[in-house]
Amino acid sequence: MGAPRTRTLRDVVLVLLGATTMHLASSFFGAFYEEPGSITINTQVTSHVPDLNQSLARLQDHAQKQAKGDAQRFLGSPDVAAANLANDFPETTLVSHAPGWTVFRNLYMSNGTMYVVSSEPASSFPDIRLITSTGMPAENTPENIAARMPTAENMDFLSPTQARERWGGDADKWERNRAWSVTGNTFLINDPSQFLDHYYHFCAELMFGAWAFWTGAFTASVDASGVSSVPPVHRMIFTHADAYGWRDRPGFNSYFLRAAFPSLAVEVQEDWNDRIVATSAGGVHARVWHFDTVLFADRSAAFEVRHAARARSVRLRKRMSICAIGSPGEVVVGACAPRGLRFAGVEEQVMDIGRHAEQAVAHVKARPAVHALGADAAAAAVDGVQKGQEVVVTYISRQGTRRHLIDSHHEALVRALTEMCTVNRWELNIVQAERLSKEEQLALSARSTVMLGVHGNGLTHLIMMPTTPISTVIEIFYPGGFAHDYEWTTHAMGMKHFAVWNDTYHTYPEQMSPSYPEGFQGTQIPVHPPTVVRIIEERVAGRLP
């Protein structure tokens, strides 16, 4: 059942006219006629006609209260003003913004153009290049970069008067505005399928980034079980991807989306085109869609900080500064990871590994007796707690894919890891992800202290790892090659990342630049097993903080 319809001015006037007519009729005819033996009940409480302005004010106040209650139910927030679209165009307001991520209230769309309706000048809003783009697939060429720059056809600004001139009803005929509201909260994703159909880009970047920004925009809190006070998400619209354009081949995108948001309605490019066509008429048939609250996400706009590497960093790291909620891992993961793990049947005690580890370290640091012994003793006590944690090492092998280690190096790495874990009584898992079910992959990731492997999609599972003081991701590259993807996500999760080039490694605060030398995508990637073993042992021992 839909929400009760907001009463229009025409409805109010008709009610008043009807009530006034009945009042006059009962007053006039009641004075001349009374049926014998009848019981007369005098309903007249005043001898004058009710004041029209007072009655109108009372009815409008009632309608506004009713609409506000509807808005609270839809938006999950008591602070959202109800939109009266019948006779008004509520102005667009900016809730929160960072390049590529913008939360609006009262955003409009007609014939494919997004409209900001405001009495404020366009200069009071961020440049549209930092909000949206043409949605074209991205290429690193000057021509393509220019083609992705947005114009007024993508996003434009109107005053309330201009909005009424386009879509307003004829007040003399008691017509309502030709505006139709898409109630509730919408994630509007303006990205091409080029990145959406990839597990890392969809889950680690888009889903986690969107949820973290949305949470921060409303200064919501997230508890240890993943329950948050953030307003719910009712729909997600992919404006440039069809039904398969946002799904990855392994199936993790849809798996996590449905697990994190079970009631979410999904619209794709064909549905968005329906909305465009429905608002393409002009003249007296021109109409517009009104969106209550929108998170507008655009990957190209995120890169428009001018320095591509810095823009990608902002895409994740700026969420961190905006969403100052608990630990870094809690900020980025929000409700997504816990819900995904519960959906996969992972036990609660496993999901609490990170929280318990942090509490244990915090408890040791807070002991007065430890601090009385000096800084070295305090550090040693913390190291002791870290060493006491159960260590699970997970090596994600890519030997069956196009990008992998030299076969003999892979075999030597397996032998070295096996010996290390046997001596230290640690758990070792050597897996090919494609041979495990989704549930098995997630259950293993949720227990992993150290995750390592050649640069590739399998490392995306690091988003399900517990964040502990010794949580580590080791990414093996062809020497000289580097990509920021998993490094940034690891840091955003509050964990430590190491990039391994055969017998050397690189880690923060060293600054690396993306590089894709010949051999980066090949099957002859070398690795020196003792280097990997040394990283793991020193991390667990606390010597590589």
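Helices (at least four residues) and strands (at least two) are DSSP runs, numbered from the N terminus. The exercises below concern a predicted model.

**Exercise 1.** Determine which element gives the largest share of the lining of the largest cavity.

*Solution.* 
1. A search of the whole structure finds five cavities of 30 Å³ or more.
2. The largest cavity holds about 70 Å³ of space.
3. Its lining consists of Thr394, Ile396, Val431, Ala433, Gln441, Leu444, Ser445, Ser448, Met451 and His461.
4. Two elements give two or more residues to this lining: strand E9 (392–396) and helix H18 (438–445).
5. The largest share, three residues, comes from H18.

**Exercise 2.** Classify the arrangement of helices H6 and H19 from the angle at which their axes cross.

*Solution.* 
1. Helix H6 spans residues 199–217 and helix H19 residues 485–492; their axes come within 11 Å and cross at roughly 25°.
2. H6 is therefore roughly parallel to H19, since angles under 35 degrees count as roughly parallel.
3. The crossing in which H6 passes H19 is left-handed.

**Exercise 3.** Identify which residues of H6 and H19 meet, and give the classes in this contact.

*Solution.* 
1. From H6, Tyr200, His201, Ala204 and Glu205 take part; they meet Asp485, Tyr486 and Thr489 of H19.
2. By class, the contact of H6 with H19 comprises three nonpolar, two polar and two charged residues.

Technical notes: Residues numbered from 1 in each chain as written. Predicted model: local features only at pLDDT ≥ 70, side-chain atom pairs only at ≥ 80, totals over all residues. Heavy atoms only, no water. Axes fitted to C-alpha atoms, helices over the stretch in contact; angles between N-to-C directions. Parallel < 35°, antiparallel > 145°, perpendicular 65-115°, else oblique. Left-handed = near helix turned anticlockwise from the far one by under 90°. Contact = heavy atoms within 4.5 Å. Nonpolar A, V, L, I, M, F, W, Y, C, P; charged D, E, K, R; others polar. 1 Å grid on protein atoms, 1.4 Å probe; cavity = no way out; pocket = protein on both sides within 12 Å on 5 of 7 lines; lining within 4 Å. Points joined across faces, edges and corners; volume = space filled by probe spheres on them.
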